[in-house]
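Subject: Structure for you to look through

Hello,

Here is the structure I said I would pass on. Please open it beside this message and follow along; my notes come after it.

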Amino acid sequence: MIKPGIPFIPMEPTSYPEAFDDESFGFQVKWDGTRILAHIDDAVELFNRKMKRRTKHYPEVVDALSRFFSHKSAVLDGEMIALCGGKPDFQNLMRRDMATEEATVKYLAAKIPVTYVVFDILYLNGKCLVDLPFSERYGILRGCLSSSDPVVVTDTFPGTGIALFEAVKEKGLEGIVAKKLDSRYEIGKKSKNGSRSKTAAR
């Protein structure tokens, strides 16, 4: 049972050697960033995949989520990225992620803006959603959160993994993630219901 404010280890996809097409899967871009779970209730708390708090590191994302989910509670799963020239810059992101002093965080927030790319929702307004199929969770996510900088909802492309993989490869991005549309969210597990294929460039 998931509740806002209680950190947990997220589900991880397994690695897959090549992209594929399958109508029972939805495909998303794999962004080169750091995994962040947003817990929203009376306040917003951010945790990384190791359950370490990252709330103070990304104040602009905390402020945005506080506005978007005013008087609501939710747990979101996503990736924090720092874009440079339209591509994720992992080194710059790590500068943000390692900053702890308030003055440094404020300086870097102005110098290195981040985007929180949300790809799943696990809890909403008192209801744990992990047992719902991914397709239904994604529909709920789209219904309650609109993309507005610095928080965006990633697109999901049903069935067409190969075309998406070729597109991200051409743009020099990290790869794609395939998610079985009827799969539940398995907390703390590497799940075969999700797989990632990386481009040769990454």
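F20 has a relative accessibility of 18%, and buried means under 20%, so F20 counts as buried. This is a predicted model, so please read everything below as computed from that prediction.

F20 takes part in ring pairs. A pair of aromatic rings is described by the distance of the centres and the angle of the planes. Together, Y16, F20, F25 and F27 are linked by ring pairs into a cluster. The count of aromatic pairs comes to five.

A19 sits in the loop between β1 (12-15) and β2 (21-30). Is A19 buried or exposed? Its relative accessible area is 16%, so A19 is buried. Leaving out residues up to four places away in sequence, A19 touches G161, I162, F165, I176 and S197. I187 lies 168 residues from A19 along the chain, and the C-alpha atoms of the two are separated by 25 Å.

Now the protein as a whole. It has five helices and 13 strands. Its C-alpha atoms fill a box of roughly 45 × 40 × 25 Å along the principal axes. For 202 residues, a compact globule would have a radius of gyration near 17 Å; the protein has 16 Å, which agrees. Buried residues account for 51% of the 202 residues. The accessible surface is about 10,100 Å², and carbon and sulfur atoms hold 52% of it. Take the contacts between residues at least 6 apart in sequence: 73% of them join residues at least 24 apart. As for charge, there are 30 positive and 27 negative charges, and their mean positions are 4 Å apart.

Some backbone details are worth a look. Most residues other than glycine have a negative phi, and most peptide bonds are trans. Where is a cis peptide bond found? One joins D149 and P150, with omega at about 10 degrees. P150 belongs to the loop between α4 (134-144) and β10 (151-153).

H71 is not a glycine, yet its phi is positive, near 65 degrees. The loop that holds H71 runs between α1 (59-68) and β5 (74-81). With a relative accessibility of 84%, H71 is over the 50% mark and therefore counts as exposed.

N125 also has a positive phi without being a glycine, here about 50 degrees. N125 is in the loop between β8 (115-124) and β9 (127-128). Its relative accessibility is 46%, so N125 counts as partly exposed.

Two further loop residues are left. T154 is placed in the loop between β10 and β11 (157-160). Its relative accessibility is 6%, so T154 counts as buried. Which residues does T154 touch, not counting residues up to four places away in sequence? They are Q28, W31, V117, V118, F119, Y138 and R142.

P113 is in the loop between α3 (102-111) and β8. At 47% relative accessibility, P113 counts as partly exposed. Apart from neighbours within four places in sequence, P113 is in contact with E60, I81, A82, L83, R96 and L108. From P113 to S147 there are 34 residues in sequence, and the C-alpha to C-alpha distance is 16 Å.

If you want a place to start, find F20 and follow the ring pairs through the cluster of Y16, F20, F25 and F27.

Regards

Key
Residues are numbered from 1 along each chain as its sequence is written. This is a predicted model: local features need pLDDT of at least 70, side-chain atom pairs count only at pLDDT 80 or more; totals for chains, interfaces and linings use all residues. Side-chain values use heavy atoms; hydrogens and water are left out. Helices (H or I, at least four residues) and strands (E, at least two) are DSSP runs, numbered from the N terminus. The radius of gyration is taken over C-alpha atoms; the globule rule is 2.2 Å times the number of residues to the power 0.38. Buried means under 20% relative accessible area, exposed over 50%, partly exposed in between (1.4 Å probe, protein chains only). Contact means heavy atoms within 4.5 Å. Accessible areas come from the Shrake-Rupley method with a 1.4 Å probe; for residues, only the protein chains shown count as cover. Lys and Arg count as positive and Asp and Glu as negative; His and the chain ends are not counted. The place of a charge is taken as NZ of Lys, CZ of Arg, CG of Asp or CD of Glu. Rings of Phe, Tyr and Trp (its six-membered ring) pair if their centres lie within 6.5 Å; planes under 30 degrees apart count as stacked, over 60 as edge-to-face and the rest as tilted.
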